[in-house]
Amino acid sequence: GNHEQRVAISPVYQSFVGLPPLCIVVSEHEAVYDQSILLANKARSEGVCVVLGVWKYMCHVFPLLCAFLPESRQSVDFMCDWIKNH
């Protein structure tokens, strides 16, 4: 789609005011890395507490591979620790 369509549907371009804390887990090497960073920065700029976990050389949805990859297990532990603290 064109830019206007992406702006209309992407959470990156929406308001984050009043949202609860966010935990974002992403790989530096996946398609949505740049959008994840934009989302985290925009949410922070609007007063949302954001915790960002970034891993290298992982595929999209890599936490689902936690039975096979140590990095995936680390990301799941990261999210569980965040949940315990929020």
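Why does Leu 65 count as partly exposed?

Mentor: Keep in mind that this is a predicted model. Leu 65 has a relative accessibility of 30%. As for where to find Leu 65, look in the loop between strand 2 (50-55) and helix 3 (70-85).

Together with Val 61, Leu 64, Phe 68 and Leu 69, Leu 65 makes a nonpolar surface patch of about 500 Å².

Now step over to the aromatic rings. Two rings pair up if their centres lie within 6.5 Å, and by that rule the count comes to 2 aromatic pairs. Take Trp 55 and Phe 62: their ring centres are 5.8 Å apart with the planes at 55°, so this pair is tilted. The edge-to-face label needs an angle over 60 degrees. Both Trp 55 and Phe 62 are buried; for Trp 55 the relative accessible area is 13%, and the buried class means under 20%.

The other partner to look at is Phe 78. Its ring centre sits 5.5 Å from that of Trp 55, and the planes meet at 85°, so here the pair is edge-to-face. Since Trp 55 belongs to strand 2 and Phe 78 to helix 3, this contact ties together parts that are 23 residues apart in sequence. Phe 78 is partly exposed, with a relative accessible area of 25%.

One last stop, the cysteines. If you search the whole structure for disulfides, you find 0. The cut-off to hold against the distances is 2.5 Å between the sulfur atoms. For Cys 23, the nearest cysteine sulfur is that of Cys 80, 9.6 Å away, and Cys 23 is in no disulfide. Cys 80 is in no disulfide either; its nearest cysteine sulfur belongs to Cys 66, at 9.1 Å. Cys 23, at 25% relative accessibility, counts as partly exposed, and Cys 80 gets that label at 33%.

Note on methods:
Residues are numbered from 1 along each chain as its sequence is written. This is a predicted model: local features need pLDDT of at least 70, side-chain atom pairs count only at pLDDT 80 or more; totals for chains, interfaces and linings use all residues. Side-chain values use heavy atoms; hydrogens and water are left out. Patches are made of residues with over 30% relative accessible area and no salt bridge: like charges are joined within 9 Å, nonpolar side chains (Val, Leu, Ile, Met, Phe, Trp, Tyr) within 5 Å. Accessible areas come from the Shrake-Rupley method with a 1.4 Å probe; for residues, only the protein chains shown count as cover. A salt bridge is a side-chain nitrogen of Lys or Arg within 4 Å of a carboxyl oxygen of Asp or Glu. Helices (H or I, at least four residues) and strands (E, at least two) are DSSP runs, numbered from the N terminus. Buried means under 20% relative accessible area, exposed over 50%, partly exposed in between (1.4 Å probe, protein chains only). Rings of Phe, Tyr and Trp (its six-membered ring) pair if their centres lie within 6.5 Å; planes under 30 degrees apart count as stacked, over 60 as edge-to-face and the rest as tilted.
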